[in-house]
Amino acid sequence: MVGRRKGEKPIKHKPLLWSDDGPIARAIRTGDSWLYAWVAQQCVRMETLSRRSGIAMARLDDLWRGAGATEGELEVLAGPFGTDVESLRASIALDRLTGEA
């Protein structure tokens, strides 16, 4: 990874917010879990996600396998995913809804 050159400003990305017809919702509807959909969309490795969020790899594995996320975990996951807590909650709700069908 190349750093910024002298005088360059960092790029500010807009947060990825939940949309019922967005790429994450489409991925969940086609069978992906909520966590996999976010990891794939934002191209975040699990090791990087663990380091940036402070959540242990074992706990991320639990979330990957369908364990429920706490409010605190959603708050710290929002940063590395470039989103907000409400968007994560909406994706989890859709995952539960499509998983019951």
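## Helices and the model

Helices here are DSSP runs of H or I with at least four residues, numbered from the N terminus. By that count, G99 sits in helix α6. Keep in mind that this is a predicted model.

Let's start with S87, which belongs to helix α6, residues 85-100. Is S87 buried or exposed? Its relative accessible area is 3%, so S87 is buried, given that buried means under 20%. Leaving aside residues up to four places away in sequence, S87 touches L16, L17, W18 and W38. One of these, W38, is itself among the buried residues of helix α2.

G99 is another story. This α6 residue has a relative accessibility of 60%, so it counts as exposed, the cut-off being over 50%. Which residue lies 70 places from G99 in sequence but 9.0 Å away in space? That's R29, with the distance taken C-alpha to C-alpha.

Helix α2 covers residues 34-42, and its buried residues are W34, L35, A37, W38 and V39. As a rule, an α-helix has 3.6 residues a turn, so residues three or four places apart point the same way.

C43 lies in the loop between α2 and α3, and its phi is near 55°, a positive value in a residue other than glycine. That's worth a second look, because most residues other than glycine have a negative phi. With 68% relative accessibility, C43 counts as exposed.

## What α3 packs against

Helix α3 runs over residues 46-53, and M46, T48, L49, S50 and S53 are its buried residues. Where do they pack? The buried residues of α3 sit against α2, α4 (57-64) and α5 (71-81). Just past the end of α3, G54 also has a positive phi, about 85°.

## The α3 and α4 crossing

How do the axes of α3 and α4 meet? They come within 10 Å and cross at roughly 115°, and the crossing is right-handed. On the α3 side the contact uses M46, E47, L49 and S50, while α4 supplies M57, L60 and W64. Sorted by type, the residues of this contact split into 5 nonpolar, 1 polar and 1 charged. Glu counts as charged, so E47 of α3 is the charged one. M46, L49 and S50 from this contact are also listed among the buried residues of α3.

Methods:
Residues numbered from 1 in each chain as written. Predicted model: local features only at pLDDT ≥ 70, side-chain atom pairs only at ≥ 80, totals over all residues. Heavy atoms only, no water. Helix = DSSP H or I, 4+ residues; strand = E, 2+ residues; numbered from the N terminus. Buried < 20%, exposed > 50% of the residue type's maximum accessible area, 1.4 Å probe, protein only. Contact = heavy atoms within 4.5 Å. Axes fitted to C-alpha atoms, helices over the stretch in contact; angles between N-to-C directions. Left-handed = near helix turned anticlockwise from the far one by under 90°.
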